Amino acid sequence: FEGEIAFGVARQLFEPMLRAASAGERRRRRGGVAGVGAGALGVMAGESPADRFAAIHGLFWLCANRAERGPLLVVVDDVQWADDPSLAWLGYVARRVGDLPLLLVLGLRSGDPGGQRGELEQLVGEDGVDRIALGPLSAAAVGEIVRARLDVDADEQFCSACYELTGGNPLFVRELLLVAGRE
C-alpha cells in the first residue's frame with residue numbers, strides 16, 4: 001500500500017528496530033555510511049542522501065551493522081507491491097548476502113500487477129536465488145483447516161465445497177472461513 005513512498009518497505013523493516021534500540025545501540029547501528037541510510041528513511045535526524053545510490057548503500061550498511069549482532073532474517077511478503085527504491089535496496093543486499101550472516105526471504109505472488117517491473121525481475125532472477133513455488137493446498141489440507149478454524153464436526157461435503165470454491169488458495173480459504181464464521 002506504500003508503493004508510492006520511496007523506501008517504504010525499508011522503512012517498515014528498520015524503523016521499529018531503530019526506535020526500540022537504546023540510544024547507544026542506535027548510534028552504533030547508524031555508524032559510518034549507515035547514517036546515510038537512516039537519513040534516507042527519515043526516521044532519524046540527519047541529512048537526506050544526495051542520490052538514490054547513496055541511500056541504498058547506506059541502507060545496506062544499516063542492515064550489515066544490525067547483522068553484526070547475530071544472524072538476521074529479512075522477510076518481505078508481497079514483494080511485488082514494494083516501491084522501486086526498496087526493491088533496488090533489496091537487490092543490492094541480495095547481491096551481497098554472502099558477506100553477511102543474513103537470510104533474505106521474499107514472498108512473491110505471480111500474476112499480480114507490478115510483478116513485471118525490471119527491479120523485481122532482476123531481484124528474483126539473480127544467480128543464487130532459490131525459488132520455491134508453492135502449489136495450492138490439497139482437498140485434505142483444506143478440510144483440516146475448516147475443521148480447525150470453523151467447525152470440528154464439518155462434514156466431508158462441506159469441506160470439499162470449500163476446496164472447490166477456493167481452489168486450495170490459502171488466502172481464499174481463510175477469507176471464506178471468516179465469512180462463513182460470521183454467517
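This is a predicted model: local features need pLDDT of at least 70, side-chain atom pairs count only at pLDDT 80 or more; totals for chains, interfaces and linings use all residues.
Local features were considered at pLDDT of at least 70 and side-chain atom pairs only at pLDDT 80 or more, whereas totals for chains, interfaces and linings use all residues. Residues are numbered from 1 along each chain as its sequence is written, and side-chain values use heavy atoms, with hydrogens and water left out.

A nonpolar patch on the surface is formed by L73, V75, L103 and V105, which together have about 350 Å² of accessible area. Patches consist of residues with over 30% relative accessible area and no salt bridge, like charges being joined within 9 Å and nonpolar side chains (Val, Leu, Ile, Met, Phe, Trp, Tyr) within 5 Å; a salt bridge is a side-chain nitrogen of Lys or Arg within 4 Å of a carboxyl oxygen of Asp or Glu. Accessible areas were computed by the Shrake-Rupley method with a 1.4 Å probe, and for residues only the protein chains shown count as cover. At least two residues of the nonpolar patch come from each of β1 (72-76) and β2 (102-106). Strands (E, at least two residues) and helices (H or I, at least four) are DSSP runs numbered from the N terminus. L73 lies in strand β1 and is classed as exposed because its relative accessibility is 54%, the classes being buried under 20%, exposed over 50% and partly exposed in between.

Most residues other than glycine have a negative phi. F7, in the segment before α1 (8-20), has a positive phi near 60°. With a relative accessible area of 6%, F7 is buried. A positive phi, near 55°, is also found at D78, which is placed in the loop between β1 and α5 (84-94). D78 is partly exposed, its relative accessible area being 21%.

Two packed helices are described by the angle between their axes and the distance between the axes. Axes are lines fitted to C-alpha atoms, for helices over the stretch in contact, and angles run from 0 to 180 degrees between N-to-C directions. Helices α8 (residues 156-166) and α9 (residues 170-182) pack at about 125°, with axes 9 Å apart. α8 is therefore oblique to α9, given that angles under 35 degrees count as roughly parallel, over 145 as roughly antiparallel, 65 to 115 as roughly perpendicular and the rest as oblique. The crossing of α8 and α9 is right-handed; a crossing is left-handed if the near helix is turned anticlockwise from the far one by less than a right angle, and right-handed if clockwise. The axes of α1 and α4 (residues 52-67) come within 12 Å and cross at roughly 45°. α1 is thus oblique to α4, and passes α4 in a left-handed crossing.

Methods:
Buried means under 20% relative accessible area, exposed over 50%, partly exposed in between (1.4 Å probe, protein chains only).
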